Amino acid sequence: MIVSRLKVKNYRNFNEAEIVFNDSLNIFVGDNGQGKTNLMESIYLTSIGRTFRLNSENELIKFNENNSVIAVNLQKSNYNMKIELKLEKNKKKQVLINGVKLDKTSEMIGILNNVIFTPDDMKIVKGSPIERRKFINIDISQIKPKYKYLLNSYKKICTERNMLLKNYYIKAENKEIIGIWNDYLINTGTDIVLYRYEYVNKLKKYAMNIYSDISGNKEEFDLIYLCSFGNIENMDKSEIRSLFHNKISSNFNQELQNKTTMFGPHKDDIIIKINGRECKYFGSQGQQRSAILAIKLAEIEIIREETGEYPILLLDDVLSELDNKRKGFLINYIKGIQTFITTTDDHDLNVLTEKYNKKKFYINEGKIGDIIN
Ligand SMILES: Nc1ncnc2c1ncn2[C@@H]1O[C@H](COP(=O)(O)OP(=O)(O)O)[C@@H](O)[C@H]1O
Ligand SMILES: [Mg+2]
């Protein structure tokens, strides 16, 4: 999959810009605060429909403007496409595919697949379970359209069920209604857990090999889906379902006391291990960086396995975080994958990509300067 062109208007610190990209490697060079990440973000927006930063949607629109347009031209293996995002202050954003407006923004997910890697991704290794759930939720949504729908349903089910747990003794009929919500919770939750279990196992398969290559076959990587209602290893759907059911039944009084849904995919986690020890607590800085690198590259392989095409790869400021060995490994790996890299200093990158087909863009105060092929 190739993003051949990007056009932005009144977007962040850009007035108007149009960029024709290289099929392989695109490098955005510039000092801090010039708009490199903004450009990465604009591409990401046409993939996922949301920013990867902690901003509100209004902040995407250039200061003192009311609307903004971001558009990309996409070349897939057998067809071309245009994805457009129209933002208007305090209004819902619009997404157009080949000029046709989508009913829901989420329908755009899966058209332009991306893998993004930023220094923030260290949170996947070091952060709380929320970070790891967020990461697999976005990943699975890109390749399984039904998953996003299941997640939205599950969220609503938890909200409703929590309300019932809070008000359980207030209305007599709640004793009957809770059974229906338990079934919803168990059925939808089981489906989500199955998707995740399958995804994590695939991720593990690829990441193990990649990690082994990075470490020179010296260390062993492992990934485990940690399910909050019990060990689901090698279980089929009906077994997982009954495990979940039993957990809910035997802990119902505790849930009533806590007034909240205590078990289910919203409480699950993924454990990353190096040489049998949890990387979050026992991994060195280097091991933690290798682990996230292996996971990110494994994501690329899963998307290719599932869709038949490589995703695009967005590397925002990560090169400076990696030592020479890991940098070299990464640059070598991205051959054949359209990649976008931001950097403040392109010296190392120039050396590493000497023989690569590439385009370099100098970004300065929201303007795209010289282009060097
Ligand atoms: N809505 C906006 N309108 C105008 N400028 C913005 C807007 N949002 C962010 N910026 C500006 O964009 C710049 C940051 O760009 P960024 O892409 O993060 O820089 P970097 O090149 O370091 O990655 C800052 O100068 C910030 O003020
Ligand atoms: Mg930046």
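A residue is called buried when its relative accessible area is under 20%, exposed when it is over 50%, and partly exposed in between, using a 1.4 Å probe and protein chains only. Keep that in mind as we look around this predicted model, where local features need pLDDT of at least 70, side-chain atom pairs count only at pLDDT 80 or more, and totals for chains, interfaces and linings use all residues. Residues are numbered from 1 along each chain as its sequence is written, chains are lettered from A and ligands numbered from 1 in the order in which they are written, and side-chain values use heavy atoms, with hydrogens and water left out.

**Aromatic rings**

Rings of Phe, Tyr and Trp (its six-membered ring) pair if their centres lie within 6.5 Å; planes under 30 degrees apart count as stacked, over 60 as edge-to-face and the rest as tilted. The whole structure holds 12 aromatic pairs. One of them joins F21 and F28, whose planes stand at 55 degrees with centres 6.2 Å apart, so this pair is tilted. F21 is buried at 5% relative accessibility, and F28 is buried at 0%. In another pair, Y44 and F52 have centres 5.2 Å apart and planes at 90 degrees, so they meet edge-to-face. Here Y44 is buried at 5%, while F52, at 24%, is partly exposed. Ring pairs also link F21 and F28 with F340 and F361 in a cluster.

An open sheet of six strands runs in the order 8-12-13-3-14-15, with mixed pairing. Strand 8 (114-117) and strand 15 (367-372) are at the edges with a single partner strand each, so one side of each has no neighbour in the sheet.

**Around ligand 1**

| Residue atom | Ligand 1 atom | Distance |
|---|---|---|
| Q34, backbone N or O | oxygen of ligand 1 | 3.1 Å |
| K36, side-chain N or O | oxygen of ligand 1 | 2.8 Å |
| E59, polar backbone atom | nitrogen of ligand 1 | 2.8 Å |

How values were computed. Pairing = 2+ DSSP bridges. Helix = DSSP H or I, 4+ residues; strand = E, 2+ residues; numbered from the N terminus. Polar contact = N/O pair within 3.5 Å; in protein donor to acceptor, adjacent residues only side chain to side chain.
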